[in-house]
Amino acid sequence: MGKFNKAGGREMPELNTSSLPDLVFAFLFFIMMVTTMREVTLKVVFRAPQATELQKLEKKSLVTFLYVGEPTVEFRAKMGSETRLQLNDQFAEISEIQDYIAQEKSSMKEEDAPFMTVSIKADRETRMGVISDVKQALREAYALKISYSAQTRVN
Amino acid sequence: MASKKRKAPGINATSSADIAFMLLLFFLLTSSMDTDKGLPRRLPPPVPKDQEKKDMDIKKRNIMVVLINSSNQILCDNEYIEISQLKDKVKEFIDNPYNDEHKPEKMAVDVPYFGEMQVTKNHVISLQNDRGTEYQAYINVQNELAAAYTELRDDVSRRKFGKIFVELDEEQQKAVQLIYPQKISEAEPKNYGGK
(Lines give C-alpha, C1' and ligand atoms only; values in the text may rest on other atoms or scores of the structure.)
Protein backbone atom coordinates (compact mmCIF):
# COMPACT_ATOMS: atom_id res chain seq x y z
CA MET A 1 0.00 0.00 0.00
CA GLY A 2 1.13 3.39 -0.84
CA LYS A 3 0.67 4.61 2.60
CA PHE A 4 3.54 2.55 3.96
CA ASN A 5 5.91 3.14 1.15
CA LYS A 6 7.31 6.34 2.48
CA ALA A 7 10.19 4.60 4.19
CA GLY A 8 11.78 6.87 6.76
CA GLY A 9 9.83 9.80 5.57
CA ARG A 10 8.08 10.24 8.81
CA GLU A 11 10.00 11.94 11.56
CA MET A 12 9.29 11.98 15.22
CA PRO A 13 7.57 15.24 16.09
CA GLU A 14 10.09 17.25 17.95
CA LEU A 15 9.40 18.56 21.40
CA ASN A 16 9.96 22.22 21.71
CA THR A 17 12.65 22.32 24.35
CA SER A 18 13.81 25.84 23.85
CA SER A 19 12.17 26.96 27.09
CA LEU A 20 13.56 24.20 29.27
CA PRO A 21 16.84 25.93 30.01
CA ASP A 22 14.83 28.91 31.15
CA LEU A 23 12.93 26.70 33.53
CA VAL A 24 16.15 25.31 34.90
CA PHE A 25 17.53 28.78 35.39
CA ALA A 26 14.37 29.91 37.15
CA PHE A 27 14.77 26.96 39.49
CA LEU A 28 18.43 27.75 40.05
CA PHE A 29 17.62 31.34 40.95
CA PHE A 30 14.92 30.18 43.32
CA ILE A 31 17.39 27.94 45.15
CA MET A 32 19.93 30.73 45.26
CA MET A 33 17.41 33.06 46.84
CA VAL A 34 16.23 30.53 49.39
CA THR A 35 19.54 29.18 50.65
CA THR A 36 21.56 31.45 52.84
CA MET A 37 25.02 31.76 51.49
CA ARG A 38 27.28 32.30 54.44
CA GLU A 39 30.54 32.01 52.66
CA VAL A 40 32.99 34.59 53.80
CA THR A 41 36.42 35.18 52.47
CA LEU A 42 38.79 33.89 55.06
CA LYS A 43 41.37 36.32 56.24
CA VAL A 44 42.87 33.94 58.76
CA VAL A 45 44.45 30.58 58.13
CA PHE A 46 43.04 27.78 60.13
CA ARG A 47 43.27 24.05 60.14
CA ALA A 48 40.45 22.63 62.18
CA PRO A 49 41.37 20.31 65.03
CA GLN A 50 40.43 16.68 64.75
CA ALA A 51 37.99 14.77 66.90
CA THR A 52 35.69 11.79 66.75
CA GLU A 53 32.60 12.64 68.79
CA LEU A 54 31.23 15.18 66.38
CA GLN A 55 27.70 16.32 65.94
CA LYS A 56 26.32 18.11 62.96
CA LEU A 57 25.18 21.65 63.42
CA GLU A 58 21.50 21.95 62.79
CA LYS A 59 19.69 24.91 61.34
CA LYS A 60 22.39 26.73 59.55
CA SER A 61 20.61 30.06 59.72
CA LEU A 62 21.03 30.09 63.50
CA VAL A 63 24.75 29.53 63.40
CA THR A 64 27.24 32.35 63.68
CA PHE A 65 30.84 31.69 62.85
CA LEU A 66 33.91 32.99 64.61
CA TYR A 67 37.26 32.38 63.01
CA VAL A 68 40.43 32.32 65.03
CA GLY A 69 43.84 31.90 63.50
CA GLU A 70 46.88 33.55 62.02
CA PRO A 71 46.32 36.15 59.30
CA THR A 72 46.77 34.94 55.75
CA VAL A 73 49.94 35.78 53.87
CA GLU A 74 48.64 38.97 52.26
CA PHE A 75 47.67 40.42 55.63
CA ARG A 76 50.86 39.39 57.41
CA ALA A 77 52.60 42.67 56.68
CA LYS A 78 49.77 44.68 58.15
CA MET A 79 48.60 42.49 60.97
CA GLY A 80 51.65 40.49 61.94
CA SER A 81 51.50 36.79 62.59
CA GLU A 82 49.83 36.87 65.99
CA THR A 83 46.59 34.95 66.30
CA ARG A 84 43.68 37.11 65.26
CA LEU A 85 39.95 36.92 65.30
CA GLN A 86 37.72 37.26 62.27
CA LEU A 87 34.10 38.25 62.50
CA ASN A 88 32.23 38.12 59.21
CA ASP A 89 34.59 39.79 56.80
CA GLN A 90 36.98 41.71 58.94
CA PHE A 91 39.52 41.37 61.67
CA ALA A 92 38.18 42.13 65.09
CA GLU A 93 39.21 42.49 68.68
CA ILE A 94 37.78 40.36 71.43
CA SER A 95 35.97 43.39 72.84
CA GLU A 96 33.96 43.63 69.63
CA ILE A 97 32.44 40.18 70.01
CA GLN A 98 29.69 41.35 72.28
CA ASP A 99 28.42 43.96 69.83
CA TYR A 100 28.65 41.52 66.99
CA ILE A 101 26.64 38.88 68.81
CA ALA A 102 24.02 41.43 69.82
CA GLN A 103 23.77 42.53 66.21
CA GLU A 104 23.42 38.95 64.98
CA LYS A 105 20.79 38.25 67.59
CA SER A 106 18.71 41.25 66.64
CA SER A 107 18.70 40.15 63.02
CA MET A 108 17.12 36.86 64.00
CA LYS A 109 13.54 36.16 64.75
CA GLU A 110 12.84 36.69 68.39
CA GLU A 111 11.84 33.12 69.07
CA ASP A 112 15.00 31.86 67.41
CA ALA A 113 17.41 33.98 69.41
CA PRO A 114 17.84 31.57 72.36
CA PHE A 115 18.82 28.81 69.94
CA MET A 116 21.61 30.76 68.39
CA THR A 117 24.77 28.73 68.17
CA VAL A 118 28.24 30.11 67.81
CA SER A 119 30.63 27.90 65.96
CA ILE A 120 34.21 28.57 66.93
CA LYS A 121 36.46 27.74 64.03
CA ALA A 122 39.91 27.95 65.46
CA ASP A 123 43.26 26.78 64.25
CA ARG A 124 44.50 23.68 66.00
CA GLU A 125 47.63 25.42 67.19
CA THR A 126 45.87 28.35 68.78
CA ARG A 127 46.78 29.02 72.38
CA MET A 128 43.89 28.44 74.75
CA GLY A 129 44.30 31.94 76.18
CA VAL A 130 42.63 33.41 73.11
CA ILE A 131 39.90 30.79 73.15
CA SER A 132 39.24 31.41 76.84
CA ASP A 133 38.92 35.13 76.18
CA VAL A 134 36.51 34.44 73.35
CA LYS A 135 34.49 32.13 75.55
CA GLN A 136 34.32 34.73 78.30
CA ALA A 137 33.15 37.32 75.79
CA LEU A 138 30.48 34.93 74.51
CA ARG A 139 29.29 34.30 78.04
CA GLU A 140 28.99 38.03 78.63
CA ALA A 141 27.02 38.31 75.41
CA TYR A 142 24.69 35.50 76.47
CA ALA A 143 25.59 33.36 73.49
CA LEU A 144 25.81 30.21 75.54
CA LYS A 145 25.45 27.55 72.90
CA ILE A 146 28.77 27.00 71.29
CA SER A 147 30.33 24.39 69.12
CA TYR A 148 34.00 23.72 68.69
CA SER A 149 34.30 23.15 64.99
CA ALA A 150 36.41 20.13 64.12
CA GLN A 151 37.08 17.58 61.44
CA THR A 152 36.42 13.90 61.70
CA ARG A 153 39.56 12.07 62.65
CA VAL A 154 40.47 9.17 60.43
CA ASN A 155 42.31 6.47 62.23
CA MET B 1 16.15 9.81 -4.19
CA ALA B 2 19.88 10.34 -4.35
CA SER B 3 19.49 13.54 -6.25
CA LYS B 4 17.36 15.05 -3.51
CA LYS B 5 19.24 17.37 -1.16
CA ARG B 6 19.70 15.70 2.20
CA LYS B 7 18.46 17.58 5.22
CA ALA B 8 21.00 17.76 8.07
CA PRO B 9 19.37 16.01 11.01
CA GLY B 10 18.78 18.35 13.94
CA ILE B 11 20.51 17.32 17.12
CA ASN B 12 18.08 15.99 19.60
CA ALA B 13 18.33 18.45 22.44
CA THR B 14 15.58 17.12 24.66
CA SER B 15 18.05 15.60 27.06
CA SER B 16 20.14 18.73 27.53
CA ALA B 17 17.66 20.00 30.06
CA ASP B 18 17.98 16.74 31.96
CA ILE B 19 21.71 17.12 31.97
CA ALA B 20 21.35 20.66 33.26
CA PHE B 21 19.06 19.43 36.01
CA MET B 22 21.46 16.73 36.97
CA LEU B 23 24.30 19.23 37.23
CA LEU B 24 22.10 21.48 39.30
CA LEU B 25 21.14 18.68 41.66
CA PHE B 26 24.72 17.55 41.98
CA PHE B 27 25.85 21.01 43.04
CA LEU B 28 22.89 21.41 45.35
CA LEU B 29 23.59 18.19 47.15
CA THR B 30 27.32 18.59 47.43
CA SER B 31 27.05 22.14 48.72
CA SER B 32 24.51 21.35 51.41
CA MET B 33 26.34 18.17 52.42
CA ASP B 34 29.27 20.25 53.52
CA THR B 35 27.77 20.94 56.93
CA ASP B 36 29.81 22.13 59.78
CA LYS B 37 30.57 19.61 62.46
CA GLY B 38 31.76 20.22 65.94
CA LEU B 39 31.65 19.43 69.62
CA PRO B 40 28.59 21.16 71.04
CA ARG B 41 28.96 22.64 74.51
CA ARG B 42 26.96 24.93 76.72
CA LEU B 43 28.62 27.80 78.50
CA PRO B 44 27.49 28.78 81.98
CA PRO B 45 25.69 32.11 82.16
CA PRO B 46 27.87 35.06 83.10
CA VAL B 47 28.48 35.83 86.74
CA PRO B 48 27.02 39.20 87.70
CA LYS B 49 29.84 41.63 88.38
CA ASP B 50 28.75 42.64 91.85
CA GLN B 51 28.27 39.10 93.02
CA GLU B 52 30.94 37.67 95.21
CA LYS B 53 32.60 34.57 94.03
CA LYS B 54 31.44 31.78 96.19
CA ASP B 55 32.79 28.33 95.95
CA MET B 56 30.27 25.61 95.53
CA ASP B 57 30.33 22.95 98.13
CA ILE B 58 31.18 19.75 96.38
CA LYS B 59 32.37 16.67 98.14
CA LYS B 60 35.85 15.72 97.20
CA ARG B 61 34.86 12.27 96.05
CA ASN B 62 32.43 13.77 93.56
CA ILE B 63 34.93 15.82 91.69
CA MET B 64 37.50 14.85 89.12
CA VAL B 65 39.98 17.47 88.13
CA VAL B 66 41.49 17.33 84.68
CA LEU B 67 44.29 19.79 84.09
CA ILE B 68 46.08 20.49 80.85
CA ASN B 69 49.30 22.42 81.13
CA SER B 70 51.04 24.56 78.57
CA SER B 71 53.05 21.60 77.23
CA ASN B 72 49.78 19.78 76.62
CA GLN B 73 50.34 17.25 79.39
CA ILE B 74 47.32 15.96 81.21
CA LEU B 75 47.04 15.75 84.95
CA CYS B 76 44.05 13.78 86.10
CA ASP B 77 43.42 13.60 89.84
CA ASN B 78 47.02 14.47 90.57
CA GLU B 79 48.68 11.97 88.30
CA TYR B 80 50.07 12.30 84.82
CA ILE B 81 48.21 10.26 82.31
CA GLU B 82 48.21 9.81 78.56
CA ILE B 83 45.25 10.92 76.49
CA SER B 84 44.52 7.28 75.63
CA GLN B 85 43.98 6.44 79.29
CA LEU B 86 41.66 9.34 79.96
CA LYS B 87 38.48 7.82 78.57
CA ASP B 88 38.58 4.70 80.71
CA LYS B 89 39.44 6.72 83.77
CA VAL B 90 36.53 9.06 83.17
CA LYS B 91 34.17 6.17 82.51
CA GLU B 92 35.16 4.50 85.73
CA PHE B 93 34.71 7.77 87.56
CA ILE B 94 31.23 8.45 86.20
CA ASP B 95 29.97 4.91 86.50
CA ASN B 96 31.65 3.92 89.78
CA PRO B 97 30.83 0.26 89.18
CA TYR B 98 32.29 -1.06 92.45
CA ASN B 99 30.91 1.61 94.74
CA ASP B 100 34.37 2.80 95.55
CA GLU B 101 34.22 5.34 98.33
CA HIS B 102 36.70 7.60 96.58
CA LYS B 103 34.51 7.73 93.50
CA PRO B 104 31.26 9.72 93.29
CA GLU B 105 28.44 8.75 95.58
CA LYS B 106 25.40 7.08 94.13
CA MET B 107 21.89 8.23 94.66
CA ALA B 108 18.61 6.56 93.97
CA VAL B 109 16.88 8.33 91.10
CA ASP B 110 13.53 7.41 89.66
CA VAL B 111 14.06 7.13 85.92
CA PRO B 112 11.23 6.49 83.47
CA TYR B 113 11.52 3.12 81.65
CA PHE B 114 14.21 1.98 84.10
CA GLY B 115 12.62 2.38 87.49
CA GLU B 116 14.83 3.27 90.38
CA MET B 117 18.47 3.51 89.43
CA GLN B 118 21.65 4.19 91.35
CA VAL B 119 23.06 7.27 89.70
CA THR B 120 26.21 9.25 90.39
CA LYS B 121 24.13 12.36 90.21
CA ASN B 122 26.50 14.82 91.77
CA HIS B 123 29.66 14.01 89.92
CA VAL B 124 31.52 16.87 88.31
CA ILE B 125 34.39 16.77 85.91
CA SER B 126 36.32 19.95 86.26
CA LEU B 127 38.37 20.85 83.26
CA GLN B 128 41.09 23.42 83.61
CA ASN B 129 43.60 24.57 81.11
CA ASP B 130 46.51 26.91 80.88
CA ARG B 131 46.49 29.93 78.63
CA GLY B 132 49.32 28.34 76.71
CA THR B 133 47.60 25.03 76.05
CA GLU B 134 47.26 24.16 72.40
CA TYR B 135 43.72 24.12 71.07
CA GLN B 136 44.11 20.63 69.62
CA ALA B 137 45.10 19.26 73.03
CA TYR B 138 42.06 20.87 74.57
CA ILE B 139 39.80 19.45 71.88
CA ASN B 140 41.37 16.03 72.38
CA VAL B 141 40.43 16.10 76.05
CA GLN B 142 36.92 17.41 75.34
CA ASN B 143 36.59 14.65 72.77
CA GLU B 144 37.64 11.93 75.20
CA LEU B 145 35.19 13.21 77.79
CA ALA B 146 32.39 13.22 75.23
CA ALA B 147 33.42 9.74 74.12
CA ALA B 148 33.25 8.45 77.71
CA TYR B 149 29.70 9.71 78.09
CA THR B 150 28.69 8.39 74.69
CA GLU B 151 30.00 4.92 75.47
CA LEU B 152 28.29 4.74 78.83
CA ARG B 153 25.02 5.93 77.36
CA ASP B 154 25.30 3.56 74.44
CA ASP B 155 25.95 0.71 76.84
CA VAL B 156 22.89 1.28 78.93
CA SER B 157 20.72 1.99 75.88
CA ARG B 158 21.80 -1.22 74.23
CA ARG B 159 21.07 -3.23 77.34
CA LYS B 160 17.63 -1.72 77.78
CA PHE B 161 16.38 -0.93 74.29
CA GLY B 162 18.74 -2.86 72.04
CA LYS B 163 19.73 0.32 70.24
CA ILE B 164 22.45 2.89 70.66
CA PHE B 165 21.73 6.25 72.25
CA VAL B 166 21.32 8.34 69.11
CA GLU B 167 18.76 5.92 67.70
CA LEU B 168 16.45 6.22 70.68
CA ASP B 169 13.45 8.51 70.62
CA GLU B 170 13.40 11.71 72.61
CA GLU B 171 11.77 10.33 75.74
CA GLN B 172 14.17 7.43 75.93
CA GLN B 173 17.14 9.72 75.37
CA LYS B 174 15.98 11.87 78.25
CA ALA B 175 15.76 8.84 80.49
CA VAL B 176 19.27 7.74 79.58
CA GLN B 177 20.52 11.25 80.15
CA LEU B 178 19.10 11.08 83.65
CA ILE B 179 21.24 8.06 84.34
CA TYR B 180 24.38 9.62 82.93
CA PRO B 181 24.02 13.38 83.10
CA GLN B 182 26.84 15.19 81.40
CA LYS B 183 28.55 17.39 83.93
CA ILE B 184 31.64 19.03 82.65
CA SER B 185 32.58 22.19 84.42
CA GLU B 186 35.10 24.53 82.98
CA ALA B 187 36.84 26.63 85.53
CA GLU B 188 36.91 30.36 85.22
CA PRO B 189 40.04 31.01 83.24
CA LYS B 190 43.03 31.72 85.38
CA ASN B 191 46.38 32.92 84.37
CA TYR B 192 48.97 30.48 85.54
CA GLY B 193 51.95 32.60 84.60
CA GLY B 194 53.67 33.45 81.37
CA LYS B 195 53.18 32.13 77.89
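Modeller: Strand β3 of chain A and strand β1 (residues 37-42) of chain B pair in the antiparallel sense over two bridges, where strands count as paired if DSSP finds at least two bridges between them, and helices (H or I, at least four residues) and strands (E, at least two) are DSSP runs numbered from the N terminus. Within this pairing, A:K56 has B:K37 of β1(B) as its bridge partner. This is a predicted model, in which local features need pLDDT of at least 70 and side-chain atom pairs count only at pLDDT 80 or more, while totals for chains, interfaces and linings use all residues. Residues are numbered from 1 along each chain as its sequence is written, and chains are lettered from A and ligands numbered from 1 in the order in which they are written.

The contact as a whole takes 41 residues from chain A and 35 residues from chain B, two residues being in contact if their C-beta atoms, placed from the backbone, lie within 7 Å. On the side of chain A, the elements that give two or more residues are α1 (20-34), β3 (55-56), β7 (117-122), α4 (128-140) and β8 (145-149), and the largest share, nine residues, comes from α4(A). For the complex, the predictor gives an ipTM of 0.71 and a pTM of 0.74.

Chain B also holds an open sheet of five strands in the order β4-β3-β2-β7-β8, with mixed pairing; its edge strands, each pairing on one side only, are β4 (79-81) and β8 (184-186) of chain B. Strand β7 (residues 124-129) of chain B pairs with β8(B) in the parallel sense over three bridges, and the bridge partner of B:S126 in β8(B) is B:S185.

Elsewhere in chain B, helix α3 (residues 135-161) packs with helix α4 (residues 170-179) at an angle of about 125 degrees, their axes 10 Å apart, with axes being lines fitted to C-alpha atoms, for helices over the stretch in contact, and angles running from 0 to 180 degrees between N-to-C directions. The contact is made by B:R153, B:V156, B:S157 and B:F161 of α3(B) and by B:Q172, B:V176 and B:I179 of α4(B).

As for confidence, the mean pLDDT (the predictor's confidence in each residue, from 0 to 100) of chain B is 80, and 85% of its residues reach 70 or more. Within chain B, α1 (residues 14-33) has the lowest confidence, at a mean of 72, and α3(B) the highest, at 89.
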